[in-house]
Amino acid sequence: MKTKFLMLCSVLVLALGSTSLYAKQKPFLIHGQLPHLTKTIMVLWDDEDLALTPEQKTKLKHIRQRTIGGLGTIKGEVFPLEEEIVSASNNGANPDTLEDSLDKLAELRAEATMLHLRCLYDTRNILSQEQLEIVE
């Protein structure tokens, strides 16, 4: 009984650990060097010092929805494709047979990074210099 319980706990820990790791993965080419401005702005949405206007809020919501929606789609392709490549490699696949999949993975990660860069650019063009100083 004790052995079964320990085995079940081990399986749960592994499952939860891999799920949270998967959720934390990012589909970008550049990691940890670019800010996530819209995430910061959402936290400060009604902050008096930031003082977003209704027009700014509308534009920022649109940018965030476009970015999050696009990234959601890309993530849905990136991580399964990555797992497929890793699995094939671990099972002895010839690297030449993985080239098309790897090219597609690189293309998707570049697309995700471009979405992030576009989000930063568009957000910075909506905020005033004073507002940028608060969120950056």
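Reader: Which helix does Gln131 lie in?

Author: Gln131 lies in helix H5, which covers residues 129-135, where helices (H or I, at least four residues) and strands (E, at least two) are DSSP runs numbered from the N terminus. The model is a predicted one, in which local features need pLDDT of at least 70 and side-chain atom pairs count only at pLDDT 80 or more, while totals for chains, interfaces and linings use all residues. Residues are numbered from 1 along each chain as its sequence is written, and side-chain values use heavy atoms, with hydrogens and water left out.

Reader: Is Gln131 buried or exposed?

Author: Gln131 counts as buried because its relative accessibility is 6%, given that buried means under 20% relative accessible area, exposed over 50%, and partly exposed in between (1.4 Å probe, protein chains only).

Reader: And what is Gln131 in contact with, beyond its sequence neighbours?

Author: Once neighbours within four places in sequence are set aside, Gln131 is in contact with Leu50, Ala51, Leu52 and Gln56, a contact being heavy atoms within 4.5 Å. With Ala51 there is also a polar pairing, since a polar atom of the Gln131 side chain lies 3.3 Å from the backbone oxygen of Ala51; a polar contact is a pair of N or O atoms within 3.5 Å, and within protein one must be able to donate a hydrogen and the other to accept it, with residues adjacent in sequence counting only if both atoms are side-chain atoms.

Reader: Where is Ala51 found, then?

Author: Ala51 is found in the loop between H2 and H3, and although Ala51 is not a glycine, it has a positive phi of about 50 degrees. Its relative accessible area is 46%, so Ala51 is partly exposed.

Reader: Switching to pockets: what volume does the largest pocket have?

Author: The largest pocket has a volume of about 300 Å³. On a 1 Å grid over the protein atoms alone, a cavity is a set of points where a 1.4 Å probe fits but cannot get out, and a pocket is an open set with protein on both sides within 12 Å along at least five of seven lines, lining residues having an atom within 4 Å of a point. Grid points are joined across faces, edges and corners, and a volume is the space filled by probe spheres set on the points.

Reader: Which residues lie nearest the centre of the largest pocket?

Author: Of the 16 residues that line the largest pocket, Phe28, His36, Lys39, Ile68 and Leu71 lie nearest its centre. Helix H2 (37-43), helix H3 (54-90) and helix H4 (95-126) are the elements that each give two or more residues to that lining, and H3 gives the most, with 6 residues.

Reader: What about Thr123, is it buried or exposed?

Author: Thr123 lies in helix H4 and is buried, because its relative accessible area is 0%. Leaving aside neighbours within four places in sequence, Thr123 is in contact with Leu37, Thr38, Ile41, Leu60 and Ile63.

Reader: And what does Arg66 touch?

Author: Arg66, in helix H3, touches Arg118, Cys119 and Asp122, not counting residues up to four places away in sequence. Arg66 counts as partly exposed because its relative accessibility is 32%.

Reader: Last one: how many helices and strands are there in the protein?

Author: There are 5 helices and 0 strands in the protein, and buried residues make up 27% of its 136 residues.
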